[in-house]
Amino acid sequence: MYKLNIQDIIDRILFFREQKKLSAKELSLRIGKAEDYISKLESRNFNLPTFVLLDILNVLDVDYNEFFSKDYKNYVVNERIMNAIENLSGRQRVLVLELLESCNKWIIKAIIKLKNADANFSMKNVFLKYF
């Protein structure tokens, strides 16, 4: 189990607020607070009562499991992957796992080759070039 602190909670609120394209003012008003409430919260000027957090999650339409997930930024993708895997037979699951492990090894080898061949290597350049 991992532990969350108030900073983690505030970071998640900011992440999901930005995902929903809501301003801090708009979210503040939608939860029935003063228009600067979320701005103050995000700048760490005061504590967050649990009932306000629940109001925020409801306005943002964020599931509690998603909000508190360790990998909250990729929760939807992870859920889709897990749902797809659950529908596979045991043998198909083994094949998918073997495929993922092979891909992971190939990617690591490719990165090492690129790094060894290029003194100016950076992951940013790899992504810009290949993705």
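Which side chain of opposite charge is nearest to R12, and how far away is it? I found D8, at 5.8 Å. R12 is buried yet has no salt bridge. For buried I used under 20% relative accessible area with a 1.4 Å probe, protein chains only. A salt bridge here is a side-chain nitrogen of Lys or Arg within 4 Å of a carboxyl oxygen of Asp or Glu; Lys and Arg count as positive, Asp and Glu as negative, and His and the chain ends are not counted.

A note on ground rules: this is a predicted model, where local features need pLDDT of at least 70, side-chain atom pairs count only at pLDDT 80 or more, and totals for chains, interfaces and linings use all residues. Residues are numbered from 1 along each chain as its sequence is written, and side-chain values use heavy atoms, with hydrogens and water left out.

Next I checked the partners of R12. A polar atom of its side chain lies 2.5 Å from the backbone oxygen of F67. Setting aside residues up to four places away in sequence, R12 touches Y2, L4, F67, F68, S69, K70 and Y72 (contact: heavy atoms within 4.5 Å).

Then I zoomed out to helix 1, residues 6–19, where R12 sits (helices are DSSP runs of H or I, at least four residues, numbered from the N terminus). Its buried residues are I9, I10, R12, I13, F15, F16 and R17. Their cover includes helix 2 (24–30), helix 3 (37–42), helix 4 (50–60) and helix 5 (64–68).

Last entry: I counted eight helices and zero strands in the protein, and 22% of its 131 residues are buried.

Notes. Helices (H or I, at least four residues) and strands (E, at least two) are DSSP runs, numbered from the N terminus. Buried means under 20% relative accessible area, exposed over 50%, partly exposed in between (1.4 Å probe, protein chains only). A polar contact is a pair of N or O atoms within 3.5 Å; within protein, one must be able to donate a hydrogen and the other to accept it, and residues adjacent in sequence count only if both atoms are side-chain atoms.
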